[in-house]
Amino acid sequence: MSRVRVHNFSVSLDGYGTGEGQSLERPFGHAEGRLHDWFFHTRSFRAMHGEDGGDTGVDDALAGAWEPGIGAEIMGRNKFGPQRGPWEDHEWTGWWGEDPPFHTPVFVLTHHPRPPLVMKGGTTFHFIDATPQEALRQAREAAGGLDVRIGGGPTMVRDFLAADLIDHLHVAVVPILLGRGVRLWEGLEEMEKRFTVESTTTPSGITHVTFTRPADQ
Ligand SMILES: NC(=O)c1ccc[n+]([C@@H]2O[C@H](COP(=O)([O-])OP(=O)(O)OC[C@H]3O[C@@H](n4cnc5c(N)ncnc54)[C@H](OP(=O)(O)O)[C@@H]3O)[C@@H](O)[C@H]2O)c1
């Protein structure tokens, strides 16, 4: 069966996956770009956005695992944009411009479904109100046998971990303290027992921790 993967999910030392006060100008709220600085510098991130250059090395090697083998993504409504409640701005098509870097179907979980958005480059956003299990069923069907990525934010990743639906989780622990925002680990006591856990710290100061479900489970 296809696997369910999370990549490059950045958390502060105090466990926040995003800051407080998200807005159009500040997608990560008061965290600004501090959670993803390490990622923005990598060759993989730049290539994802059609740019040359960028750092190579261990951060980049891990960052580059984001794309291969993925056939669909599931993301939360707050990753897609800053609107809350019923959609008011129907022109909003996400933070990523007309050719988003996903190039697959993307299922946006929301209590306010709306018609799909077909973008350039193979990305279609489907807005669905569904349990994690049902969202995963739909994403797997759309992925045609490839893996499904859980794209975040922290609420989504936490819900999928709580439902034990994730097979591989890559967390980048960034040595900053945010103090407020949305925490990833809330309520996931002893989650690590379900996984093989590996970690490595890179010269940039990031500790990459991977949680991988053992092959026999
Ligand atoms: N740290 C990282 O690497 C990383 C990665 C990706 C994103 N982010 C950041 O994380 C932030 C967003 O995270 P978040 O935790 O605030 O929110 P989120 O996980 O993106 O989305 C949560 C929202 O999705 C909807 N939703 C979730 N489960 C649902 C379900 N089963 N059925 C229907 N709707 C459901 C609800 O919205 P409604 O009820 O309003 O519809 C809920 O409030 C953004 O700032 C983003 O930039 C960080």
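Tutor: A polar contact is a pair of N or O atoms within 3.5 Å; within protein, one must be able to donate a hydrogen and the other to accept it, and residues adjacent in sequence count only if both atoms are side-chain atoms. The model is predicted: local features need pLDDT of at least 70, side-chain atom pairs count only at pLDDT 80 or more, and totals for chains, interfaces and linings use all residues. Residues are numbered from 1 along each chain as its sequence is written, and side-chain values use heavy atoms, without hydrogens and water.

Student: How far is an oxygen atom of the ligand from an N or O atom in the side chain of Thr 110?

Tutor: The side chain of His 36 has an N or O atom 2.9 Å from a ligand oxygen, and a polar backbone atom of Leu 109 lies 3.4 Å from a ligand oxygen. For the side chain of Thr 110, the distance is 2.7 Å.

Student: In E11, which residue is the bridge partner of Ala 172?

Tutor: Strands are DSSP runs (E, at least two residues), numbered from the N terminus, and two of them pair if DSSP finds at least two bridges between them. Strand E8 (residues 168–174) pairs with strand E11 (residues 207–212) in the antiparallel sense over 6 bridges. The partner of Ala 172 in E11 is His 208.

Key: Helix = DSSP H or I, 4+ residues; strand = E, 2+ residues; numbered from the N terminus.
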